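This report goes through selected packing features of one protein chain. The sequence and the structure come next.

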Amino acid sequence: MQPAALIPWLDPETLIAAAGPWALLVVCFIIFAETGLLVGFLLPGDTLLIMAGLLSHSSDVAPNGVFGISVWWVALLIALAAFLGGEVGYYIGHKGGPAIFERKESGLFSRKNVERTNAFFEKYGGLTVIIARFVPIVRTFAPVAAGVGHMPWRRYSLYNFIGAMIWGFGLTMIGYGIGFIPGLGDFVAEYIDIILLAAVAGTLLVTVYHYFSERRKAKKAVAAGEDVVTDAVEAQELVLEPEVFEKAPEIGHHDSDGEHRPGA
């Protein structure tokens with residue numbers, strides 16, 4: 001006996017019909033939260049984009065894919081969510097200022113995450129806004145760091161748009177393209193309902209795992225007697241200087257002997 005006979009909502013057609021627009025809304029919200037909210041680093045954005053592309057393939061139970069619309073629209077809406085998330089993250093940093101960093105180490109905030117993000121800006125300048133899209137954690141804190149440091153908004157928004165399109169639109173289409181690999185496309189079409197459930201369960205599990213992992217690190221820091229509170233002075237030290245956003249990426253440097261060396 002098929003599972004769907006015992007539990008009606010497990011029937012593929014019922015599951016896909018119910019999930020459709022809600023599934024896309026959830027995906028877009030998660031992508032928005034990755035850069036629009038400081039807790040977004042807990043979310044598995046890259047994997048989710050690939051899965052969104054795969055789930056956009058048509059099948060007997062989902063003629064237009066799980067989301068019910070063309071993959072082009074799916075990719076564009078995801079890119080829009082990524083762009084808006086980046087804009088909100090910048091606004092939060094711009095309006096909140098250094099005080100946004102005045103927090104206690106927890107599963108939702110870590111001074112080291114901000115320092116890691118700042119290191120990217122020091123190395124790549126304003127282009128970090130684009131590059132960060134492909135670096136977990138950094139993509140969450142980069143918009144806020146740019147806002148706190150008052151990176152010129154027009155330049156930030158341009159880089160944010162480029163990054164959102166390359167990452168959000170690009171990875172979704174790559175996921176869609178993967179579905180054309182011989183054998184894989186048929187597998188996706190046949191088990192698209194199971195893949196949808198696995199994507200939802202996987203997202204929840206990864207998010208919970210990351211949260212408790214960060215909480216465990218924070219507790220260890222407390223037990224070791226480390227300073228786990230970022231005060232006003234320390235928060236100010238985390239603010240990037242305006243020149244950082246203007247600098248060219250450090251792709252290499254020259255030693256005193258004039259020989260070119262790869263950048264660190």
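How many aromatic pairs does the count come to?

## Aromatic pairs

The model is predicted, and in it the count comes to six aromatic pairs. F120 and Y124 belong to helix α5, which covers residues 111–124, and a spacing of four residues puts them about one turn of the helix apart. F120 has a relative accessibility of 18% and counts as buried, because the limit for that class is under 20%. Y124, at 21%, is partly exposed.

F121 and F245 make an aromatic pair of the edge-to-face kind, with 5.4 Å from centre to centre and 85 degrees between the planes. F121 is in helix α5, whereas F245 sits in the loop between α11 (232–237) and β1 (252–254), so this pair ties together parts that lie 124 residues apart in sequence. F121 and F245 are both buried.

## Two asparagines of helix α5

Helix α5 also holds N113 and N118. Is N113 buried or exposed? With a relative accessible area of 8%, N113 is buried. Its C-alpha lies 7.4 Å from that of F141, although N113 and F141 are 28 residues apart in sequence.

N118 is likewise buried, its relative accessible area being 10%. Leaving aside residues up to four places away in sequence, N118 touches A145, L238 and L240.

## Helix α7

F141 and A145 are both among the buried residues of α7. Why is helix α7 described as largely enclosed by the rest of the structure? The helix runs over residues 138–148, and eleven of its eleven residues are buried, so the description follows from that count. The buried set comprises V138, R139, T140, F141, A142, P143, V144, A145, A146, G147 and V148. Just after α7 comes H150, with a positive phi of about 55 degrees.

## Packing of α3 against α8

Two packed helices are described by the angle between their axes and by the distance between those axes. For helix α3 (residues 45–54) and helix α8 (residues 153–178), the angle is about 50 degrees and the axes are 6 Å apart. At this angle α3 is oblique to α8, because the value falls between the limit of 35 degrees for roughly parallel and the range of 65 to 115 for roughly perpendicular. The crossing of α3 and α8 is right-handed.

Which residues make the contact between α3 and α8? On the α3 side they are G45, D46, L49, I50, A52, G53 and L54. From α8 the contact takes in W167, G168, L171, T172, I174, G175, Y176 and I178.

## Confidence

The average pLDDT of the chain is 78, and 71% of the residues score at least 70. Residues 1–13 have a pLDDT below 50; in the model this stretch makes 13 contacts beyond near neighbours in sequence. The pLDDT is also below 50 over residues 253–264, a stretch with 14 contacts in the model beyond near neighbours in sequence.

Key. Residues are numbered from 1 along each chain as its sequence is written. This is a predicted model: local features need pLDDT of at least 70, side-chain atom pairs count only at pLDDT 80 or more; totals for chains, interfaces and linings use all residues. Side-chain values use heavy atoms; hydrogens and water are left out. Buried means under 20% relative accessible area, exposed over 50%, partly exposed in between (1.4 Å probe, protein chains only). Rings of Phe, Tyr and Trp (its six-membered ring) pair if their centres lie within 6.5 Å; planes under 30 degrees apart count as stacked, over 60 as edge-to-face and the rest as tilted. pLDDT is the predictor's confidence in each residue, from 0 to 100. Contact means heavy atoms within 4.5 Å. Axes are lines fitted to C-alpha atoms, for helices over the stretch in contact, and angles run from 0 to 180 degrees between N-to-C directions. Angles under 35 degrees count as roughly parallel, over 145 as roughly antiparallel, 65 to 115 as roughly perpendicular and the rest as oblique. A crossing is left-handed if the near helix is turned anticlockwise from the far one by less than a right angle, and right-handed if clockwise.
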